[in-house]
Each structure stands twice: as C-alpha cells, then as structure tokens.
Amino acid sequence: MKYLFFLYLTSHFLMAGEPQGWRPVWKDEFNGSKLDYSKWAVEENGHGGGNQELQYYLDRKENVRVEGGNLILQAHRERVNVAGVVREYTSGRIRTKRRAAWKYGRFEIRARLPQGQGVWPAFWLLPETTRYGGWAASGEIDIMEALGHEPDRVHDNIHFGGEWPNNKHSGATYRLPGKNIADDFHIYAYEWEPGEMRWYVDGHLYQTLNKWHSTAGAYPAPFDQPFHLIINLAIGGKWPGSPDKNTVFPATLYVDYIRVYQREKAVIEPTP
C-alpha cells in the first residue's frame with residue numbers, strides 16, 4: 001500500500017511540475033534581483049508597434065525590473081520626449097531575439113495581468129528571420145493577449161498569408177470562469193507542433209488550429225521556422241482604445257515564470 005501511494009505521489013508531482021511528453025529546454029523563474037540579459041533584451045522604442053499604441057518602451061527599472069520573485073513590466077502615465085518622439089506613457093517590453101529561438105515547443109507563462117481601459121498585456125512569438133517576407137508573411141503567434149476593459153477573458157491569434165495588407169489571421173477568445181486576470185496568477189500555455197497549434201488557460205484546452213497558409217512556401221509554412229519570445233505591456237492602440245480617467249496607473253504586469261519545453265527528439269534552434 002505504501003509503495004502504491006508513493007507511485008501516486010510521484011506521478012502526480014511529475015504531471016503537476018512538467019507537462020507529460022515534454023522536456024524542459026529553457027526557463028526563467030525570475031528569482032534574482034535583476035533581469036538576466038543573457039536571456040532577454042530590453043526594447044526601447046516609441047513607434048507604436050504598428051497599432052497606434054501610445055507608450056514609449058524604456059530600459060529602466062521604473063518600467064522593467066525583477067523583484068520579489070517576479071518579472072515586473074510597469075506602465076506609467078508620464079510625458080517623455082526621446083529624440084523628438086513625444087509620448088504620454090512609458091512601459092516595458094523584452095524579447096529573446098538573437099538569444100534564443102525555437103521551432104516547435106510548449107510555451108508557458110504564469111502571470112497576473114493588469115486591468116483598465118487601454119491596458120494591453122501580451123505574450124507572443126515573432127520569427128527570428130523573415131524567410132517568407134515581411135509582416136505577416138513570415139508569421140506571428142499570439143499566445144496570450146488581454147484587453148484591460150475585459151478582465152474576464154484572454155485572446156489568442158496567428159497571423160499568416162502574405163505581406164500586409166494581404167495577411168490573414170485566426171484566433172479565439174477564452175472567458176475565465178468566474179475569475180479575473182488581475183485578481184490572481186494564471187497559467188497561459190501554447191503548444192506548437194508540425195501542422196497543429198493548441199492554446200490553454202490553467203490547463204484547459206480552448207483552441208486548436210491546423211489550418212493556415214503562406215504565399216511564399218508550402219504548408220506548414222510560415223510556421224516551420226524558429227520564433228523568439230516577446231512579452232510587453234502596451235498602452236492604447238486601435239484594438240483596446242485609449243486609457244480613460246478611470247484607468248489606474250501605474251499598471252503592472254507580474255510574471256512568476258516563463259518556461260519552454262520541446263518533445264524528446266526536438267532540439268533548440270541555434271541563433272544567428
């Protein structure tokens with residue numbers, strides 16, 4: 001009886017700690033006192049991401065820091081002028097480009113998201129190279145996006161097809177049952193294999209995709225190349241709209257961990 005109980009505990013721990021059928025290849029638990037620059041680059045720009053966003057991303061502790069076991073991306077309502085680019089908000093955005101990229105895998109983030117009109121956190125993937133052409137011919141994978149004025153739901157999306165404006169997209173929305181993105185941490189996961197993609201929230205599978213196309217390559221292009229990770233906290237833009245008088249600043253995105261897994265025979269892709 002003790003032996004059977006031990007087996008139960010062991011199997012339960014393995015399933016809870018690591019997804020079955022996947023092996024860990026990369027992670028950041030954010031347990032130190034500063035960002036690991038061997039894994040992440042902090043982006044600085046105010047071009048609006050092509051979405052008419054209102055923030056300027058800055059590399060400073062007010063916007064990007066590691067504290068209390070969490071990565072913190074924080075947006076502030078403050079006027080900045082950087083080389084003639086004037087913005088009324090600052091925020092943080094980091095990526096693994098030229099540090100780590102993967103072709104296929106399982107990607108997990110455990111995070112507590114901010115809410116409020118005009119607040120737009122996202123966890124997503126972009127191609128390491130533009131083999132099939134400019135956006136979105138080489139693809140984009142949105143693992144998790146949330147609109148702060150809808151704190152009970154999150155969204156996913158893929159972008160593919162040809163270069164803008166001949167691009168296509170496909171995605172879904174998940175509504176958290178009786179929960180709020182800002183009240184607690186949730187696990188947002190995405191599994192990417194040849195010919196299929198799957199999205200999860202707290203272990204619940206809510207979206208499976210296996211149809212897309214490319215104007216510059218055979219299926220499963222463009223999603224057959226290495227992609228790197230991005231996490232950011234945008235403010236404003238065409239989709240969420242601008243903040244209003246009720247939006248609370250600073251708006252804070254807390255990340256407990258980010259983990260990447262691959263199948264047993266898969267290998268991490270070398271970066272350029």
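Analyst: Relative accessible area sorts residues into buried (under 20%), exposed (over 50%) and partly exposed (in between), using a 1.4 Å probe and protein chains only. This is a predicted model, in which local features need pLDDT of at least 70 and side-chain atom pairs count only at pLDDT 80 or more, while totals for chains, interfaces and linings use all residues. Residues are numbered from 1 along each chain as its sequence is written, and side-chain values use heavy atoms, with hydrogens and water left out.

User: Why is aspartate 202 called partly exposed?

Analyst: Its relative accessibility is 38%. That value falls between the 20% and 50% limits, so aspartate 202 counts as partly exposed. Aspartate 202 lies in the loop between strand E14 (196-201) and E15; strands (E, at least two residues) and helices (H or I, at least four) are DSSP runs numbered from the N terminus.

User: Is phenylalanine 30 buried or exposed?

Analyst: Phenylalanine 30 has a relative accessible area of 3%, which is under 20%, so it is buried. It sits in the loop between strand E1 (23-28) and strand E2 (41-42). Setting aside neighbours within four places in sequence, phenylalanine 30 has contacts (heavy atoms within 4.5 Å) with residues including Leu35, Trp40, Val66, Tyr257 and Ile258. Its C-alpha is 7.9 Å from that of glutamate 67, 37 residues apart in sequence.

User: Why is strand E8 described as largely enclosed?

Analyst: In E8 (residues 105-112), 6 of the 8 residues are buried, so the strand is largely enclosed by the rest of the structure.

User: How do you know which strands E8 pairs with?

Analyst: Two strands pair if DSSP finds at least two bridges between them. E8 and strand E13 (residues 186-193) have 7 bridges, in the antiparallel sense. E8 and E17 are antiparallel too, over 7 bridges. Each count reaches the limit of two, so both are pairs. Arginine 106 faces glutamate 191 in E13, and glutamate 108 stands opposite arginine 259 in E17.

User: What makes E2 and E12 edge strands?

Analyst: An open sheet of 7 antiparallel strands runs in the order E2-E7-E16-E9-E10-E11-E12. E2 and E12 each have a single partner strand, so one side of each lacks a neighbour in the sheet. Within this order, E9 and E16 pair over 9 bridges, and tryptophan 124 stands opposite isoleucine 230 in E16.

User: What makes a set of residues a nonpolar core, and how many residues has the largest one here?

Analyst: Such a core is a set of buried Ala, Val, Leu, Ile, Met, Phe, Trp, Tyr and Cys residues joined through side-chain atoms within 4.5 Å. The largest has 54 residues, and Ile141, Val154, Leu229 and Ile231 have the most contacts inside it. Not counting residues up to four places away in sequence, leucine 229 touches Trp26, Phe107, Trp124 and Ile143, among others.

User: Which residues of the lining of the largest pocket count as nonpolar, polar or charged, and how many are there of each?

Analyst: Ala, Val, Leu, Ile, Met, Phe, Trp, Tyr, Cys and Pro count as nonpolar, Asp, Glu, Lys and Arg as charged, and the others, Gly among them, as polar. By that rule the lining divides into 10 nonpolar, 17 polar and 10 charged residues. E9 (119-127) is one of the strands that supply at least two lining residues, and E9 gives the largest share, 5 residues.
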